[in-house]
Amino acid sequence: MSAMWDLPDYDDHEIVHFIRDIDSGLSAIIALHSTHLGPAGGGTRFWHYADKMGAVKDVLRLSRGMSYKNAMAGLPMGGGKAVILADDSRTKTPEMLEAFGRAVEGLGGKYVTAEDVGISVADMLEVAKQTSYVSGLPAQGDHAGGDPGPFTAFGIFLGIRAAVRHKLDRDSMDGVHVAIQGTGSVGGRLARLLAEDGAKLTLADINDDAANDLAAELGGETASTDEIMGVDCDVFSPNALGGILDDASIAALQAPIVAGGANNQLARPEHGRVLAERDILYAPDYVINAGGIISVAHEYFAKTEGREADVSDVRERIGEIPDRLVSIWEEAKDSGLTSAEVADKRAQTLIGRG
Ligand code: NAD
């Protein structure tokens, strides 16, 4: 067992649960990094991992990321994450999701779950049959809640505007060229918000049709998934996978700004320094992409008080993201730390590990 504690990503997790439900075929891991600020909040990912250690490392990294994200967003929530390990056929059944819900319920409120990659609102409704420690459920009328993707996209949109003002000294997005990697739930909505604001777009997605259709609708262009990081543009916005900023890809970047929603964008922590050395302004991922968890948290805490969450409250809290980014960039400039290091330092202090 010592190997588990020694993993760099273990980073003093409070507890890690391994779940197996033979009847439904569920295999899942729930990792709680910190409950210092409140119940550990973080989504559930449904993913096929080539090997099981890959799933362990992923959940640990994501869980710590949620501790930092929730702390930096000023939420009374700790950080946790769950992964459901998909089998070779990627079968996901209601029975599996209900078994997962029972596991969440068994933690008695220490962990609050919601959607992540591979898990839909409909899936969360299955989970919610077995536990009340769940958020991201369909919202009624004008209330906050449901799919966090649009809220995440809104925060990234505001963050990109702040980055353009800060780095390029431009007050308007008119003609600002943004290259977007991934046009799914977050990237697709971000593209729409940017297009409405006058930005020029280049889009790429492994689903060519999705990127082509959206580009045609918004009057943008497309690039291949191999080319998108090297597009000559003002902002590169990663909204697909983590780990995409490494030595080779940073060397190829032509954009002076990297700001997008993908979790864990830096392949390794030192890649924050590689970006800074190229004078590329980096928006720490868990700071700029907190819009979704802000919505999820408001929905959850409102539910525990027997009321609906107010969408204007959620938008107001998301509206704090740009100032938070600017203050990180300014501290980075004054201290010689990178923006990623400044964000990590602040987050660690907030969760009592500074
Ligand atoms: P999604 O699955 O809806 O979209 C991801 C898109 O990326 C898909 O369209 C997929 O085809 C595309 N893609 C995959 N590999 C690609 C590649 N190599 N090149 C280009 N495109 C590729 O997921 P999402 O909810 O939009 O989340 C996107 C990212 O943002 C993920 O890293 C996720 O963890 C992160 N994130 C999402 C939220 C949220 O609220 N949904 C919140 C915070 C962070």
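Student: Which residues is Lys81 in contact with, leaving aside its neighbours within four places in sequence?

Tutor: Contact means heavy atoms within 4.5 Å. In this predicted model, Lys81 is in contact with Ile29, Ile30, Ala31, Gly42, Gly43, Val59, Leu62, Ser63, Met66, Tyr111 and Asp116. Lys81 itself is found in strand S5, residues 78-85.

Student: Is Lys81 buried or exposed?

Tutor: A residue counts as buried under 20% relative accessible area. Lys81 has 2%, so it is buried. The unreviewed UniProt entry lists Lys81 under "active site".

Student: How do I check the length of a helix, and what span should H14 have?

Tutor: The expected span is 1.5 Å times one less than the number of residues. Helix H14, residues 339-350, has 12 residues and should span 16 Å; its end C-alpha atoms are 17 Å apart, which agrees.

Student: Which residues of H14 are buried, and where do they lie around the axis?

Tutor: Ser339, Ala340, Val342, Ala343 and Ala347 are the buried ones in H14. Their arc around the axis is only 160 degrees, so they sit on the same side of H14. These buried residues pack against helices H2 (52-72), H10 (285-288) and H13 (321-335), and against strand S12 (281-282). Just after H14 comes Gly352, with a positive phi of about 75 degrees.

Student: How many residues of H5 are buried?

Tutor: In H5, 14 of the 20 residues are buried, so the helix is largely enclosed by the rest of the structure. Helix H5 covers residues 149-168 and should span 28 Å; the end C-alpha atoms are 27 Å apart, which agrees. Asp169 follows H5 and has a positive phi, near 60 degrees.

Note on methods
Residues are numbered from 1 along each chain as its sequence is written. This is a predicted model: local features need pLDDT of at least 70, side-chain atom pairs count only at pLDDT 80 or more; totals for chains, interfaces and linings use all residues. Side-chain values use heavy atoms; hydrogens and water are left out. UniProt positions are given in the numbering used here, feature names are shortened, and annotations may be inferred rather than shown by experiment. Helices (H or I, at least four residues) and strands (E, at least two) are DSSP runs, numbered from the N terminus. Buried means under 20% relative accessible area, exposed over 50%, partly exposed in between (1.4 Å probe, protein chains only). The arc is that of the directions from the helix axis to the C-beta atoms.
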